[in-house]
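Dear colleague,

I am passing on the structure we spoke of, and I would be glad if you could look it over alongside the notes that come after it.

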Amino acid sequence: MVQKFRTLLLTCLALTLTASLAWGAPLDAFTGKQGTIDIAGGTAHIPVMKEAAKRIMTANPEIRISIAGGGSGVGVQQVGEGLVQIGNTGRALSEAEVAKYGLVSFPFAIDGVAIVINPANGVDALTAEQVKGIYAGKITNWKQIGGADRAISLYTRDEASGTREVFFKKLLAKGDIATSANVVPSNGAMKTAVAQDPGAVGYVGIGYIDATVKAPSMDGMIPSQENAANGSYTVTRKLYMNTKGEPSALVRTFIDYLLTPEGAEIIRASGYIPLAQ
Amino acid sequence: MLALVGVLLRNGTGALGQALFFDSVPPLAAITGQVPVWDGIWPACVGTLSLLALTMLLALGPGIGCGIYLASYASPRIKALLGFAIDLLAGVPSIVMGLFGFTLLLTLRHSAAPNAGPCLLLASCCLALLVLPVLVSTTRGALEALPRQLHLSGAALGLCRWKTMRHILLPAAARGILSGVLLAAGRAAEDTAVIMLTGAVANAGLPAGLTARFEALPFTIFYRSSQYRDALDLQQGFATTLVLLALSLALLAAATRLQRALDQRWQGIRTNRPTQHADRHA
Amino acid sequence: MSVRESRIASLVLGASAIIVALAVLAVFAFLFKFALPVFTGGQGACILSGVWNPFKGQFGILPMLAASLCISLSALLIGWPLALGLCCCMHGFTPRPLGRFLSILLRGMTAFPTVVYGFAAIFLLVPVMREALGHGSGLNWATAALILSLVTLPTMTLVMDAGMHQTERRLRLTGAALGLNRQQVFSHLVLPACRSDLLAAAALGFARALGDTLIPLMLAGNAPQWPTAASDSIRTLTAHIGLVLATDSSSATYGSLFVAGCLLLLANMCVQLMLRTHLRTRGAA
Amino acid sequence: MPNTTSDFNPTEQETQPIERAARLKHVCTFFDGVQVLHDISLEIPAHGITVLVGRSGSGKTTLLRTFNRLNECLPGCRTRGSIHVSLKGQFMDVHGPAFRDAARLRIHIGMVFQTPDVLPVSIRRNIELPLRHALGLPQADIDERLQQALRESGLWEEVSERLHAPAETLSGGQQQRLCLARSLAMHPSLLLLDEPTASLDSVSARTIEALLQTLRRRYPVVMVSHSLGQALRLADRLVLMNNGRIQHIWNRQDGLPDAPTLETMLEDDTCCT
């Protein structure tokens, strides 16, 4: 029995060792460091943060990283109050926020925000005007814009959402959002809701789009990460990490890690476009 | 209800397995915490259990103590006043309790402990407050439901108030009190709203101490239901609900067994029922 | 030795009572303390108004208060008669094995985590409701109320059952001696004698429905509008707190959190006071 | 042992050999302001059975409970007057300021209630529990007293085989004898019985009565009885109560009244009002 455990332990050690050797170069920056990094904020960032944290903690168990969501607003507030070391936002900080808390921003990726509808919906193209009409509550049935006879159900994000802010500014041009719109608390919840509701219209970060939802073209622009990267899709935003003042050594290492090629690979795998350093 | 469980089982069983708990990390290494688990729910299980233990540790003493106090020590005025306060506390929604934890934290940060953050201890304190009224009122109820004669018997035998309580009333009411404890533990294990605001996060690994953030099963379920990215994630979500369900039911079963054992130890062993019946008419 | 032990016991018990009392005070004091600046700062009128649109400087949370009350009342309307019906089943209106099975099932249901209901309902009930109502998203008042009634059902049933169990034990023999069968004893003697238990169950169910966060957050749609129809997507105070906690801590949005918390406390206090006055007048009569 | 006679502070030492077990002087008891006992003065002889009779509500049970101050356990009760009880050979004021702890009094006064009040524990623990926790006796003494008390109450033959069974499985008569045994095991200075046979069938009642006949020589007994027949059979001293007052006292050596006379007196409540 003991023998078995020992073999198992040895295998584990060996695995860890090979793993750390394989990822050698960028993760080397963490060797010998220890401490805690708490991360909170934008929900779009979570997959990236999680993968990065997984690799770092596997290579160096002395470092503990905790990741919470909550939305961009939470990110600003918690990092501002000093509750976390990194607060993620899916939008640029306002001047008031920077001034109030003394925050420093580190953009690391680009994400597009796209309208999504149920795959069963026949509509394939929308214009910005139509979207404004839909969200203002003026267009209430899909047949008014060439779809089937079905009532439109609106989905929007909560006020703390960076996705909402981008959508609101760049696509709606700060137009009205009807109060009857359903409010969902995250990108994932948006996708779940739209995937289930045949009459739904909502918006998510492009990284979240998969086969369960459909993203119609917008004013002729096809929403995809390539188009967002080359500038032919304009409803985009940057994803930021924010720290209160200059980051500590450990946090700085974490941020730098995401800007290495390995970091870029993680970002790409999560569906975003890495920002070249 | 059965349909609900059925659907959960159908959708969830597929994902039940080692991978659900430990992802790709070898179980032994994961359990001992040598290798952090990221996509498994093992840290959440440990988180929930430690949260539960800490909460009950904090709540049991004052809860049961206050229940006893109200049942037999308090003056009528205090009884009415404190009883009302407890009823009010019982009605505080869990999200408001979470909000309280949050305000408490902000206050602490601006005064005594500038480095305090959301953590296991804070979450347990708020959860303890949440389940306190359950403990107090079931303890009080169980004691007050005992026949008045039992108080008199104790006194007539020359036992003082505390000894009557300790040796006669408490054991007689143990069953009721235990069901209160169970109810409280159940609420503490399932509550999401409180810990959402006071320390539960999506990923933290095994709980690292009282002042660290932690993962918890109910929060993980809530998180997966809104953040899942693919079918596997969803299936794991279902499986996680099954795990939480199993945990709750295990708690229930354990308490029922304990109740039976207590009864037997206290009341004596019931044997040969037929003869006993004959004795009655002897 | 015995004297000392009992003195220590009274001290410990008294101390725990004081701890509990302090805890209650602390909860209320903190929330009111954080809500107070909202009113003294002049945001009070703005928050206690009817429109929520933070981008236009409108921070009214009254629609959410209405939504909270509507959802919990309708959950009560569905759940309470059901609970009463279940109680009848458990007290002699169905064969004994079924009654026993129900009682075990209900006890098990109390152990069901709320979040499980929410999770399952998103994938089971929501599509059904969408089709049944013909329009809307399926995330609405009706869906949330239905699930909430299911969540509060076991608690209400068990509270009723506990009261009835006692009363029935007291009255069964008397009733039987009067020539009544079990059902008649139940409906003519036990039920009227348990009026206050029925009421307490209702109050408890209402309070739990009012205080639940996850079900409305996951199922009611969260649109900050006045509830007008069962298919409306609405936002409760609890869900509002969950959604909005995230915002910048100086705005009126943030202040609205604490006002919402206080409103919930006040609503709950009203229920408690009503229950108490009722019990007292009944007790005096 | 802390609860022995040594820590009593006798307020009144009787010089002559004690001939009485207890003495009440001018005792008045109120419940929520309503007077239940009016100026009761009564002596209980050191030997024999004193039986209290009277109609329902005449204050018999309340009077019985003044001896061990059990009324204080009920809400809203207030008692005035002096109560002296002979405890382990010392005649002491148990209601005065020097005697604060009623529990110390009650371990010396055994009480049996109208309905058998067995604790919801095993037969053995019913007797053990007060011995261990009220008297603090070591296990050896407890075992000895247990057996002795069960033999005294005539239960030993019936229960020695199943001491670990729940006491509730005993018949009513057995339960009542168990309660008696529980009191006897405490070696009481005074035994209070509150209609001990009221809830029993006539055969069980006879068993208890026979038991009391054997106990009367060893313990002073105060007993409430509803049955005039029983009262006349057992009483060495008969106290008739009416409306919270003592109406008449008879001693056996002076002759007890016959049953019809007593019945007439019970029915006639005009004499005292």
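Below is what was found at two interfaces that involve chain C.

Please keep in mind that this is a predicted model. Between chain C and chain B, 57 residues of chain C are in contact with 60 residues of chain B, and the two chains bury about 5200 Å² between them, with 83% of that area on carbon and sulfur atoms. On the chain C side, L13(C), F112(C) and F119(C) lose the most area to chain B, together 12% of what that side buries.

Several helices of chain C each supply at least two residues to the side that touches chain B, among them α5 (114-133) and α11 (252-284), while α1(C) gives the most, with 21 residues. By class, that side of chain C has 38 nonpolar, 14 polar and 5 charged residues.

Within chain C, the domain assignment gives domain 1 (1-41) and domain 2 (48-284), and their centres, taken over C-alpha atoms, are 29 Å apart. Here 7 residues of domain 1 are in contact with 7 residues of domain 2, and the area buried between the domains is about 740 Å², of which carbon and sulfur atoms give 96%. In domain 1, F28(C), L31(C) and F32(C) lose the most area to domain 2, together 50% of what that side buries. Across this interface the rule finds 0 salt bridges and 0 residue pairs in polar contact.

With best regards

Technical notes
Residues are numbered from 1 along each chain as its sequence is written. Chains are lettered from A and ligands numbered from 1 in the order in which they are written. This is a predicted model: local features need pLDDT of at least 70, side-chain atom pairs count only at pLDDT 80 or more; totals for chains, interfaces and linings use all residues. Side-chain values use heavy atoms; hydrogens and water are left out. Contact means heavy atoms within 4.5 Å. Buried area is the accessible area (1.4 Å probe) that two parts lose on being put together, summed over both. Helices (H or I, at least four residues) and strands (E, at least two) are DSSP runs, numbered from the N terminus. Ala, Val, Leu, Ile, Met, Phe, Trp, Tyr, Cys and Pro count as nonpolar, Asp, Glu, Lys and Arg as charged, and the others, Gly among them, as polar. Domain bounds come from an automatic or database domain assignment. A salt bridge is a side-chain nitrogen of Lys or Arg within 4 Å of a carboxyl oxygen of Asp or Glu. A polar contact is a pair of N or O atoms within 3.5 Å; within protein, one must be able to donate a hydrogen and the other to accept it, and residues adjacent in sequence count only if both atoms are side-chain atoms.
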